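Welcome! Try each task yourself before reading on.

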Amino acid sequence: MAGICEGRVTIVTGAGRGLGRAHALAFAAEGARVVVNDLGVGLDGAGGGEGPAEQVAAEIRATGGEAVAHGGDIATTQGAASLIATALDAYGRLDTLVNNAGFLRDRMLVNLAEDEWDAVVRVHLKGHFLPLKHAAAHWRAEAKAGRIPQARIVNTTSGAGLLGSVGQGNYSAAKAGILGLTLVSAAELGRYGIQVNAIAPAARTRMTEETFADTMAAPEAGGFDAMAPENVSPLVVWLGSAASEGVTGRVFETEAGRITVMEGWRPGPTRDKGARWTPTEAGTTVRQLLTAAETPQPVYGAR
């Protein structure tokens, strides 16, 4: 029986380990030909090499699938352009882009260095924007030539981007930016046959197994491994397939066996004076409105 991605070509960034590796293997299992991107850096962004990407690509090929490795830096114009070119050169087409690459440099805000801010925002946010831009340019050209694609982009945000996370100001800001990028790109690109969604996964990876050690621990033998990254991949594969037709501009929180549609910012209690407030009136009104508003969810890591 053919998989739901049979004949499609999928790029997964940051696919040498963790969630990205799980996604790449899951796409291959559903018939996709996969471009496995990974810069091969450590958790702090240091080092590098194509080894992890090639290992995953080889793993896919060993099971009868088709995959090629890409070790370029997708947070650069050259690296992102070469990523799209790798798919087109190897397989003659591109159908799905999964933006997943990232790393951490956690600090409390008063201790967070400027280069630590820049590095995390660069890899997560710019590392989403540039591959998205180059993939979208290809698909727009296809659409203008009369070949409307069934193109899919799946971005990776986080609960930290949705709610904030203590000690992760840089990461939270970057992941929140990805939410905005997802909404804008879904609105702009739909006319070209491109759907854009985002997931906010919770899983055991190099980025979470130390920061959230207690909740990410593997179960005893035989138990359901709720935090296994493989639990997240089925949703990503479906969003990346033609079967997800009509689903775009959405954010899904996913972990273990649960999928949640996140509904984002919505107008809450409001009052219109019809004229300019004084500062005192504004403050009194805000306090009254807050009593009628929902209590916000706690920030991750709050004590």
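This is a predicted model: local features need pLDDT of at least 70, side-chain atom pairs count only at pLDDT 80 or more; totals for chains, interfaces and linings use all residues.

**Exercise 1.** Describe how helix α3 packs with helix α4.

*Solution.* Two packed helices are described by the angle between their axes and the distance between the axes. Start with those two values: α3 (residues 77-91) and α4 (residues 114-144) pack at an angle of about 45°, and their axes are 8 Å apart. An angle of about 45° makes α3 oblique to α4. Next comes the handedness, and the crossing of α3 and α4 is right-handed. Then find the residues that meet: α3 brings Thr77, Ala80, Ala81, Leu83, Ile84 and Leu88, while α4 brings Leu130, Pro131, His134, Ala135 and His138. Sorted by class, the residues of this contact are eight nonpolar, three polar and no charged.

**Exercise 2.** At what angle do α4 and α6 pack, and how far apart are their axes?

*Solution.* The angle is about 15° and the axes of α4 and α6 are 8 Å apart. To name the arrangement, recall that angles under 35 degrees count as roughly parallel; therefore α4 is roughly parallel to α6. The crossing of these two helices is right-handed. Among the contact residues are Trp117, Leu125 and Phe129 of α4, and Tyr171, Ile178 and Leu181 of α6. By class, the contact of α4 with α6 divides into 13 nonpolar, six polar and two charged residues.

**Exercise 3.** Which residues of α1 and α2 make the contact between these helices?

*Solution.* First, the geometry: α1 (residues 18-29) and α2 (residues 51-62) pack at an angle of about 25°, with axes 10 Å apart. That angle makes α1 roughly parallel to α2. The crossing of α1 past α2 is right-handed. Now the answer: Arg21, Ala24, Leu25 and Ala28 take part from α1, and Val56, Glu59 and Ile60 from α2. Counting by class gives five nonpolar, no polar and two charged residues for this contact.

**Exercise 4.** Which element gives the most to the lining of the largest pocket?

*Solution.* Begin with the space itself: the largest pocket holds about 1100 Å³. Its lining has 28 residues, and the closest to the centre of the pocket are Leu162, Glu263, Gly264, Trp265 and Arg266. Next, list the elements that each supply at least two lining residues: α5 (159-163), α6 (169-189), β8 (258-262) and α9 (279-292). Of these, α9 gives the most, with four residues. Finally, sort the lining by class: 16 residues are nonpolar, eight are polar and four are charged.

Key
Residues are numbered from 1 along each chain as its sequence is written. Side-chain values use heavy atoms; hydrogens and water are left out. Axes are lines fitted to C-alpha atoms, for helices over the stretch in contact, and angles run from 0 to 180 degrees between N-to-C directions. Angles under 35 degrees count as roughly parallel, over 145 as roughly antiparallel, 65 to 115 as roughly perpendicular and the rest as oblique. A crossing is left-handed if the near helix is turned anticlockwise from the far one by less than a right angle, and right-handed if clockwise. Contact means heavy atoms within 4.5 Å. Ala, Val, Leu, Ile, Met, Phe, Trp, Tyr, Cys and Pro count as nonpolar, Asp, Glu, Lys and Arg as charged, and the others, Gly among them, as polar. On a 1 Å grid over the protein atoms alone, a cavity is a set of points where a 1.4 Å probe fits but cannot get out, and a pocket is an open set with protein on both sides within 12 Å along at least five of seven lines; lining residues have an atom within 4 Å of a point. Grid points are joined across faces, edges and corners, and a volume is the space filled by probe spheres set on the points.
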